Amino acid sequence: MKYMLLIYVDEAKGAQVAKQVGETAMSAPYIAYTEALQKAGVIVGGDRLQPTSTATTVKVADGKTQVLNGPYAETKEALAGYYMIDVPDLDAALSWAARCPGAAHGTVEVRPLWTMASDPRKG
Amino acid sequence: MIPEKDERAARAAAESAARRSYGKLIAYLAARSRDVAAAEDALAEAFARALSDWPRNGVPQNPEAWLLTAARRRAIDAARRRKSAAMGEEHLILMAEELEEAASNAAAIPDRRLALMFACAHPAIEAAVRAPLILQCVLGFDAVAIGSAFLVAPATMGQRLVRAKTKIRAAGIPFRVPEPDELAQRLDSVLDAVYAVFAEGWSDPFGADLKRRELSGEAIWLGRLLVALMPDQPEALGLLALMLHAEARRNARRDAEAYVPLADQAMSLWDHAMIEEADALLLRARVLDAIGRYQLEAAVQSAHAARRHLGRSDWKAIVMLYDGLLALTQSPVVAVNRAVALAEVEGTAAGLAALDAIATDRRMAEYQPYWAARANLLARFGDREGADEAYALAIGLESDPVLRAFLQKKRTALGTD
């Protein structure tokens, strides 16, 4: 099954880390974690997101497109990155989530993906 | 002529047999697909037939084979229908195949009920629904029966159960017994769920509500299943011992019309064989050398049962056991019980002082046992006014009419009016 590990962190703290390791670099724990996911052959994808100050929100109502500055919701902890993994069951997903550095300095939400019957990747 | 009581017992035994087989088959059928609802669908008609047929005609020699044969046709039909109706439901076909395979060799169906219980009590399942879910999946109780036992509207209970089953499937909660490194933590939530089933059945001292009373028996059966499948888990042994100790005193908890507190119970009404079984389980647990909440609570009950040899509860041991429990749980319930035991060992003043020490805990304001204990100790201390006030509060906080009547009687006995 495919799961998203959604990493929510306090953006103020995240900014400090970014200052230490550089805006575009991954911190050492994340490098190690990503490597572990790769070695186990479970990673499907993953990336770090830029802070919510860069977010723009779009909504179409009555045929009109509304573009708003800012994230969908203003919260102290915001979505900061994600991994998509493919593992046998929730327990496996949860144990990978627990190893994610984001679980130690924030919260990791584990969400299963719908299995689309007409997934083009499945042919 | 068969006496009515025997006939009722035979019916109950047949119904139990149907529930045991049902749970085993649900666990087996849903294990791979994780689709409990589909497994329930497949067995629903067969199970209903077993519930009405077996009590009349006796339990068949191979109950699982009987159920599978009755269920097979329907499941295959359903799978075919759904195959054309919806995509991505391969697991239903898988289930029909498993049903077919199992029916050809019903004697060899592996027992996966333990794995099913771990799925039902998974931390990803809302805590309040874990016990009801076990009752439904493992024992086949319907939402109406479960709702009435847990004092929740049947429709609400039904929705919660459906949501939980959907989550098992959608989130991919596995049917497996956790690895040793996480077993202890995960086992706790299974034990808690089983104990919640027991407690629901227990909270009816009159035994007037048959549905709820049955729950205690079912919980004990689940406890036995856990011990049989995990003989080396001390807390599983402790939980079973605790339930057996409580159950052994069931008939002594009430006389013709009233609630009888533990200290006044007639020991002749205790089930002594059950008490001995409970103590033997506790000994088995102790050898495994890992103390826990259920073992400690069972040991408290064992120390009360020691009245059989000592002439009174072993209060010294009880205070020590509550000390251990308090360190483990920090529970206000334990703190109140400890104060009551302390009063027996060191005197009423010491017990009252212990109650004073927890009076600042906000939870005490609406905790009936705190006020009942306080009233009892104040009365013993000679403070009739204080006792009267505390009884008034305890009565106001109690919802069970039988216990309310008991407290009212004690209050009247103060003679303050």
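Where does Arg34(B) lie? In this predicted model, the residue sits in the loop that links α1 (4–33) to α2 (36–57) of chain B. Arg34(B) isn't a glycine, yet its phi is positive, at about 60°. It is also buried: 22 other C-beta atoms lie within 10 Å, and 20 or more are enough for that label.

Asp289(B) makes a handy partner for the story. Here, too, phi is positive in a residue other than glycine, with a value near 60°. The loop in question runs between α12 (272–287) and α13 (293–305) of chain B. Is Asp289(B) buried or exposed? Asp289(B) is exposed, with 7 other C-beta atoms within 10 Å, since a count of 12 or fewer puts a residue in that class.

Further along chain B comes a pair of helices, α15 (residues 315–329) and α16 (residues 332–346). Their axes come within 9 Å and cross at roughly 155°, which makes α15(B) roughly antiparallel to α16(B), because angles over 145 degrees count that way. The crossing itself is left-handed. On the α15(B) side, the residues that take part include Trp315(B), Ile318(B), Val319(B), Tyr322(B), Leu325(B) and Leu326(B). Among those they meet in α16(B) are Val334(B), Ala335(B), Arg338(B), Ala341(B), Leu342(B) and Val345(B). Taken together, the residues of this contact split into eleven nonpolar, two polar and four charged.

Then there's the largest nonpolar core, which holds 147 residues. In soluble globular proteins, nonpolar side chains tend to be buried together. Which members touch the most others? They are Ile26(B), Leu43(B), Leu67(B), Leu116(B), Ile134(B), Val194(B) and Val197(B). Take Leu43(B): leaving aside residues up to four places away in sequence, it touches Tyr22(B), Leu25(B), Ile26(B), Leu67(B) and Ala71(B). Two of these, Ile26(B) and Leu67(B), are themselves on the list of members that touch the most others.

Chain B also meets chain A, in a contact that takes eight residues from chain B and seven residues from chain A. The chain B side of it is made up of six nonpolar residues, two polar ones and no charged ones.

As for chain A, it has four helices and six strands, and from the N terminus on these elements run β-α-α-β-β-β-β-α-α-β. Its C-alpha trace spans about 45 × 45 × 20 Å along the principal axes. Of the 123 residues in chain A, 20% are buried. Among contacts in chain A with a separation of 6 or more, 75% join residues 24 or more positions apart.

Conventions:
Residues are numbered from 1 along each chain as its sequence is written. Chains are lettered from A and ligands numbered from 1 in the order in which they are written. This is a predicted model: local features need pLDDT of at least 70, side-chain atom pairs count only at pLDDT 80 or more; totals for chains, interfaces and linings use all residues. Axes are lines fitted to C-alpha atoms, for helices over the stretch in contact, and angles run from 0 to 180 degrees between N-to-C directions. Helices (H or I, at least four residues) and strands (E, at least two) are DSSP runs, numbered from the N terminus. Angles under 35 degrees count as roughly parallel, over 145 as roughly antiparallel, 65 to 115 as roughly perpendicular and the rest as oblique. A crossing is left-handed if the near helix is turned anticlockwise from the far one by less than a right angle, and right-handed if clockwise. Two residues are in contact if their C-beta atoms, placed from the backbone, lie within 7 Å. Ala, Val, Leu, Ile, Met, Phe, Trp, Tyr, Cys and Pro count as nonpolar, Asp, Glu, Lys and Arg as charged, and the others, Gly among them, as polar. A nonpolar core is a set of buried Ala, Val, Leu, Ile, Met, Phe, Trp, Tyr and Cys residues joined through C-beta atoms within 7 Å.
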